[in-house]
Protein chains: 2
Amino acid sequence: MGIVVQKFGGTSVGSVERIQRVADTVAKTKASGHQVVVVVSAMGKSTDELVELAYQINDDPSPREMDMLLTTGEQVSIALLTMALNAKGLPARSMTGWQAGIRTNRIHGKAMVQYVDTKPIMQCLERGEIVVVAGFQGISPDGEITTLGRGGSDTSAVTLAAALQADYCEIYTDVTGVYTADPRVVPNAQKMDEISYEEMLELAHLGAGVLHPRSVESALLHQVQLVVRSSFVDEPGTWVKEADAMETALNVRGIAHDLNVARIKVLGLPNREDTLARLFGCLADAHINVDMIVQSEHDSKHVDVAFSVDEAEGKEAKKVLEEAKEELGYVKILSESGLAKVSAVGVGMMTRPGVAAKMFATLSEAGIRIKMVSTSEIKISCVVDRESALDAVRKLHTAFGLDVKELAEATHS
Amino acid sequence: MGIVVQKFGGTSVGSVERIQRVADTVAKTKASGHQVVVVVSAMGKSTDELVELAYQINDDPSPREMDMLLTTGEQVSIALLTMALNAKGLPARSMTGWQAGIRTNRIHGKAMVQYVDTKPIMQCLERGEIVVVAGFQGISPDGEITTLGRGGSDTSAVTLAAALQADYCEIYTDVTGVYTADPRVVPNAQKMDEISYEEMLELAHLGAGVLHPRSVESALLHQVQLVVRSSFVDEPGTWVKEADAMETALNVRGIAHDLNVARIKVLGLPNREDTLARLFGCLADAHINVDMIVQSEHDSKHVDVAFSVDEAEGKEAKKVLEEAKEELGYVKILSESGLAKVSAVGVGMMTRPGVAAKMFATLSEAGIRIKMVSTSEIKISCVVDRESALDAVRKLHTAFGLDVKELAEATHS
């Protein structure tokens, strides 16, 4: 048997008792004959507490010093988990990002992993030790401590799994797997046994919140099999893997939603080939991430462009475009917040006729107005009013046949 | 003007406000034209909290993992202080022990500094930056994070001052300097303007608690001038330097005390040349630090040996010797706890006749029984009952003319 990478998030190591439960899980995997590399995040809310301290001292702390500060959180976790493993008589060794050979570029606060020097970890594994690595961190070519950004421990785990050619990478979290919709919204949402990277990627981006999108991209790129499972309940999770290897239903697999959406319409832009480039260039320069984009031709001289952004960036996006009004030459800007995005996701669904039609009909029957539509190979997203969004999720979940019927009946009989 | 090293302990960086006050102090030194290297400890009680967490998880945590855990405390402090300096518009850069080139041996938990690669710090200083270094930590030849043991931040500061050929090293603490006796015990104790390394060393070992003995030894070895001063009150502190450079009064300079002393008497040991070596060899093997030793010849065949140890080690010391009874061949062991040690310290005082006589007479007049005596070139120590100890300190302070007379009068007039 080969190497398994197991990643435990902040909630999973949030207390002494939970750290001991993580040690039990790791011990079981080790006892099954695997070589185990564990990646952990900072305990519970400790990162948030450090961030708060920093902002009390400096309202614009340098990213380098933030990395210096925040990486201590994971360092505490690795030491404590290693002590817990040692207390069970298991040889184990903690490693910071730099000790584990995780080399990144120089961008503090959101560094990219450039390569992993696997020698230090491999030496420990060969000695029979469990290796406990601090997630979320690495070292730059100048010997500076860097972080991979929020949610970066998932990326650390996947990157290590790829570099170590692990059999698979388990992501332990506070949910039991990936669901066909958010179970808090759709009570009879089903846990999926498996899902393709591409579907997971859409769900991750759409705010399913189980896996960090970067980690899924990295898993796809390096073909690392992921398992999302619970650190509190011992049941099989959801495997994330190549679509070819799956029995794909070629249908809608899940309904995702994002409740924080703002829309901005730019009316009366000059109808020129560089219009879009200049418009979105402005936004990119201001580091604003644009999500959906819709362009409509007004007449031969003018076009209108609408796009959605994260609600937190709506005001800034509007301000940036207002400052560039002269340069962009538009007539008017309208912005609207309080919106949401609801998406149906499934590999191959776009090749099945009628999926989009069924989505629009379902929302229409529920009296929900669609404000924007965007489609890709594996998803259809609709922007709707925030108040209607959760109703839309439930209606679509039922319409696409995702509700757990047998299980619900079994439970009631 | 050259380099100044400033060390701030845990109390001095115990809160956001205190960190900002430290930044003010550092800024002032920088503004005076010095190049500044700051060494900081972990915030307030954060190290104790981490230790407690560790022992909840493992009652015998490995020293390597303890070092991994505890070094995070100083890493938090350096990041926050650097942010505070940046907030004042000062260029500054934090460095962990390994980034600052502090190379130690491999002994986790109490590593010794072997050398300092000063290049990283010097490069920053030359760019005009303030360098903020994590105290108490270094890196072993294997790339392992090590700690210098409790109180080790003082040692970090002195070692850096020596390696960087600093003009002097300021130790900021919660007292305003070194006093002729503990001001809580002797209200009219005086702050000394200067004190020799040797005197400070005796005072440090005797529990004056202001400076870690190792840091004083290191300062003496490398001839680093130290200043002990307050991080809360802006007044000149006490300089610790070469006795030759001082106007030495050749008299008693201070009265120190240690309230946690146990005495063990070993009676009827064989009078042989290897008796002491074997007796104290046993204790050394058990890592028990012996302080004062008195040997008395009983008759030609037997000797009695009495020694003092820290009260916390009294029981263990007795147990070790009882287990070695057969090997050592003594008749009987007696142990007594609840004792204290009172010492008069001063360079050259032993060359002045009558110092010891005055000490014994003062204690005798106060009705205090002396249980053990030990002398060195620069101190006389007496073991007495704990209840009498503070009275003894006050009486000796007065007898050796150390009370602040003029100041007391000035205050009352």
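Is Tyr179(B) buried, partly exposed or exposed, and at what relative accessibility? In this predicted model, Tyr179(B) has a relative accessibility of 22% and therefore counts as partly exposed, since buried means under 20% and exposed means over 50%. The points below describe the setting of Tyr179(B) and then the two sides of helix H8 of chain A.

**Tyr179(B) and its surroundings**

- Tyr179(B) lies in the loop of chain B that runs between strand E9 (168–173) and strand E10 (194–196).
- The side chain of Tyr179(B) makes a polar contact of 2.7 Å with the side chain of Thr176(B).
- Leaving aside residues up to four places away in sequence, Tyr179(B) touches Ala189(B), Gln190(B), Lys191(B) and Met192(B).
- Ala324(B) is 145 residues from Tyr179(B) along the chain, and 43 Å separates their C-alpha atoms.

**Helix H8 of chain A**

- Helix H8(A) spans residues 275–285, and its buried residues include Thr275(A), Leu279(A), Phe280(A), Cys282(A) and Leu283(A).
- Viewed down the helix axis, the buried residues of H8(A) fall within an arc of 140°, so they line one face of the helix.
- As a general rule, an α-helix has 3.6 residues a turn, so residues three or four places apart point the same way.
- Ala277(A) and Asp285(A) are exposed and sit on the face of H8(A) turned away from its buried side.

- Just after H8(A), His287(A) adopts a positive phi of about 60°.

Note on methods: Residues numbered from 1 in each chain as written. Chains lettered and ligands numbered in written order. Predicted model: local features only at pLDDT ≥ 70, side-chain atom pairs only at ≥ 80, totals over all residues. Heavy atoms only, no water. Helix = DSSP H or I, 4+ residues; strand = E, 2+ residues; numbered from the N terminus. Buried < 20%, exposed > 50% of the residue type's maximum accessible area, 1.4 Å probe, protein only. Contact = heavy atoms within 4.5 Å. Polar contact = N/O pair within 3.5 Å; in protein donor to acceptor, adjacent residues only side chain to side chain. Arc of directions from axis to C-beta.
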